[in-house]
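Please keep the structure in view while reading.

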Amino acid sequence: MSTLVDLVWLIPAFPLAGVLILMALGRRLGEPRAGWLATAMMGGSFIATVLVFIGLVGHEGDEREIVVTLFEWVPAGKLAVDIGFLADPLSITMALFVTGVGALIHLYSIGYMHGDEGFSKFFIYLNLFAFSMLMLVLGDNLLLTFLGWEGVGACSYLLISFWFTDEANASAGKKAFVTNRVGDWGFLVAMLLAFLTFGSLQYGEIFFDLEQNGVAASTASAIVVLLLVGAAGKSAQFPLHIWLPDAMAGPTPVSALIHAATMVTAGVYLLTRMNPIIAASHDWVPDLIMWVGLGTALMAATIAVAQNDIKKVLAYSTVSQLGFMFVAVGSGAYVAAIFHMVTHAFFKALLFLGAGSVIHGMDGDQDIRRYGGLARLLPITSMTFVAGWLAIAGVPPFSGFWSKDEILAYAYGENKVLWLLLLITAILTAFYMTRLVLMTFFGSPRWVSGDDHAEGDEEADTETDEDALPHRHPHESPWTMTVPLVLLAGLAMVAGVSNLPFTSDVHFLGNWLKPSLFGNEGHLSFGGGTQWVLAIVAIIGSLGGVSAGAAVYIRRRIDPARIEHPFLARAWRVDEAVTNFMGGPGRRAFERTTQFDEQVVDGAVNATGTLVRRAGTKLRSSQTGLVRSYALGIAIGAVALLVWFITRAGF
Amino acid sequence: METAVFIVCAAIVLAGALGVVLARNAVHAALSLVGTLFGMAVLFLNLEAHFLAAVQIIVYAGAIVVLFLFVIMLLGVDRLEDLSVEPITGQRVLAAIVGLGTFGLAVVFLLTSDIGARSVGTLTRDITDIGQYSNLRQIADVLFTDYVYAFEATAALLTISVVGAVVMSRRMARGDEAQEAAEDD
Amino acid sequence: MVTASWYLILAAALFTIGAVGLLVRRNPLIMFMCVELMLNAVNLTFITFGRELGDIGGQVSVFFVLVVAAAEVVVGLAIVVAINRRRPQATADDLSALRG
């Protein structure tokens, strides 16, 4: 049966075509045509995704799992891997927001990267990233997902250190790369273990085998824990979260696309995709996922309170929100995890793009202590940013409220302590976002408009206090940057409609995702009344967080310095701990290894070299340079082979 | 009839081949090669490979050998090769051993196995019967379906080899040539 | 009746003559002709086996061998011309610049 779903290969094909065209012609196209081409490719990919979505809706509920195989990739005996795409509700949901948000961010980048030397190179990387991400999401087997997984990692590395001439950016890229490697190791081992256990890497076959033959709980647990290591690396969960805040060194659209909306959710996607194996593992495994998520969420939220770099606040906020998703996965609320992933993609991309617009307007300054009063000067940016703020703070009816409330409800069903801690995290979220918004857009300016002070006056004015403040020329961004902001703001406001909790009929996303979850979705153990109470508590919590932020940062009831503790500002000293460990015992171990390397390994290598050199001196006389002697050698070899064949054949 | 044709053609083929190897003059060798190629084409006809028989004449005898003759003319290779001396010690002896080894082993292999025992074309279905298509049609069917990538690759190969030949046989600028000649000596 | 082995023995003989010629002759042009002889011998086996097994693939392989042989002759003769321009009348034995 041929349907629109067969077009699924087009989704990654568009960005791939963009990469190839831009690699060949990027420089010749130049600015801004290279950007428009890349954006058009993402737009095409989005349209293809919508078509596939329509095709998938046309199928019956339980037939919404379609594998489109393009060709055999690795036909190696028992290990047969195809290049095939799995179009099911989960992957298409992911693909929809990856391509949709991706296209908007591509459009935004045309404005943001204006005048950059590497303009076309930037769009090659962005398109390559989109291609890898779509392979990750749409691949119908673990190996293809791994391919995309590594691809997005490589693109992330390339884009974090995009302005690599600055050493800090280059080392931030390296840090992300190395930290991710730890996670990738987990994924790789999990993949091999899954192949050993189930005899296949294809999702469909793994789950079929699991259903038919079952699996030992300990094996399943091992696979899931290893996958969790991989997911924690990619999705920046404790203790592998340290790379994400540093990743903010990249251009802001990159932070929005890769480090907020799409790539970092890959871990959540992977765990959701493997839900039957989680269901088959020991009970402590989901609990582990849950507590890792909770710990990360709470820790990152406290850190975000004390950050002064606008992008760092958003980065820790992302880490925290990803923690929410892990809690959801751990408590079996896969739908809530994906729901929060989607709404988070909208509002966090919006917030990052808004931050980028502010940075753009403030001549590249990222410190919120030197912002203030920008609402008047950047009207569109500030309006849309406020929408994103209300969404992430969990104020109804903005999208963040619905998804966060659902996670909180499941957490309550799982464990009351967990719920309480998660609620505190949510309140903190509202608090630090309020702080960010108030310090950026409201209050009195902590900068001076550059126009008021002609250059000649500078010397005379340095005496006054006001001139200690930096000179800025805030301005609203071009339309290529504001249009994505407005669209994302709209989405951040209404995306909650996709999964309303009132009756099971309006639980659209939940019903849609059912075929991908094989009935492993958890169920709330309590009635609607409790849910209402929980929702009201959550609303009070978020409003409380917002008003607490307002109290501190507008009314100055409490000195902000007492809240922004240095311990928090330095991110709980996790980085220092890692550095100290690696610098102390780690370093000694490395020195030992170096010694071993120099004496034993290098010794062996050098001995080999000497041996080869001596043998070569002896053997060089056999190289006569006479082509006919060489031909004779070949002929003798051919005859010898013939003899060997004949004797082997049994004559 | 087939036997007679085979014997005559085999004699022509082997005589031509010996001519190539033994002729002292390169032009004679090229002409002997033509004889071998013609005999081979007739053998192809005997084996019902009609298309290849035609290609053999057109490409090999028509194009390749003519190319050889052109190069011989271009270079004026009129010095005869002295076949009575062999500068490399043991080359001829070893060559003879290798030749005997190749031929002997191939014959031994053929005679002891059953691949050659049956009459040609009796093992399985006759090619010419498959759907009553012509030989050309059959080749085309396979060539443009199963082997289409290889076919396209040969197109690239030919283009590249033509470009390569042009680049290599191009005359260098006078200065360069003089310089290189100086380096040689 | 001619059996397949007749053809195969003829091909073996032709191949042997070509191989020995390649080893014995010093004129690069004639060495090329010997290579052509060997290729022809292989073509004959391809067609014979293709005929015997009822598989058109044998003839297709010969087609590709012909194409590659043509390309090889073109490049090879270009090399011969290029060498002769710098060292007229050079034989294969004179070109031993790669001696170890």
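## Helices, cores and contacts

Helix α4 of chain A is mostly covered, in that 15 of its 19 residues are buried. This and everything that follows is taken from a predicted model, which scores ipTM 0.90 and pTM 0.67.

The helix α4 of chain A runs over residues 142-160 and reaches 26 Å from its first C-alpha to its last, close to the 27 Å expected at 1.5 Å a residue. A similar check can be made on helix α5 of chain A, residues 167-198: its 32 residues should span 46 Å at 1.5 Å a residue, and because its end C-alpha atoms are 46 Å apart, the two values agree.

| Helix | Residues | Number of residues | End-to-end C-alpha distance | Expected span |
|---|---|---|---|---|
| α4 of chain A | 142-160 | 19 residues | 26 Å | 27 Å |

Just after α5(A) comes A:Gly199, which takes a positive phi of about 75°.

A:Leu142 has its place in helix α4 of chain A, and this residue counts as buried because it has 27 C-beta neighbours inside 10 Å, where 20 or more are needed. When neighbours within four places in sequence are left aside, A:Leu142 is in contact with A:Met191, A:Ala194 and A:Leu201. The C-alpha atoms of A:Leu142 and A:Ala190 are separated by 9.7 Å, while the two residues lie 48 residues apart along the chain.

Which residues touch the most other members of the largest nonpolar core? Of the 207 residues in that core, they are A:Leu227, A:Ala349 and A:Ala492. Helix α14 of chain A, residues 334-361, gives the most to this core, with 18 residues. Apart from this core lies another, of 73 residues, with B:Val20, B:Ala30, B:Phe68 and C:Ala12 among them. Returning to A:Ala492, and again leaving aside neighbours within four places in sequence, its contacts are A:Phe346, A:Phe347, A:Leu350, A:Ala387, A:Gly388, A:Ala391, A:Phe398 and A:Ser399.

Chain C has three helices and zero strands, so that its elements, read from the N terminus on, run α-α-α. The chain averages a pLDDT of 87, with 98% of the residues scoring at least 70. Of its 100 residues, 58% count as buried, and among the contacts in chain C between residues at least 6 apart in sequence, 43% join residues at least 24 apart.

Turning to the contacts between chains, 63 residues of chain C are in contact with 74 residues of chain B. On the side of chain C that touches chain B, α1 (4-24), α2 (28-53) and α3 (57-86) each supply at least two residues, and α3(C) gives the most, with 22 residues. By class, that side of chain C has 43 nonpolar, 13 polar and seven charged residues.

Chains A and B also meet, in a contact that takes eleven residues from chain A and eleven residues from chain B. The residues on the side of chain A that touches chain B divide into nine nonpolar, one polar and one charged.

Terms used: Residues numbered from 1 in each chain as written. Chains lettered and ligands numbered in written order. Predicted model: local features only at pLDDT ≥ 70, side-chain atom pairs only at ≥ 80, totals over all residues. Contact = placed C-beta atoms within 7 Å. Nonpolar A, V, L, I, M, F, W, Y, C, P; charged D, E, K, R; others polar. Core = buried A, V, L, I, M, F, W, Y, C linked by C-beta atoms within 7 Å. Buried ≥ 20, exposed ≤ 12 C-beta atoms within 10 Å, placed from the backbone. Helix = DSSP H or I, 4+ residues; strand = E, 2+ residues; numbered from the N terminus. Expected span 1.5 Å × (residues − 1). pLDDT = per-residue confidence, 0-100.
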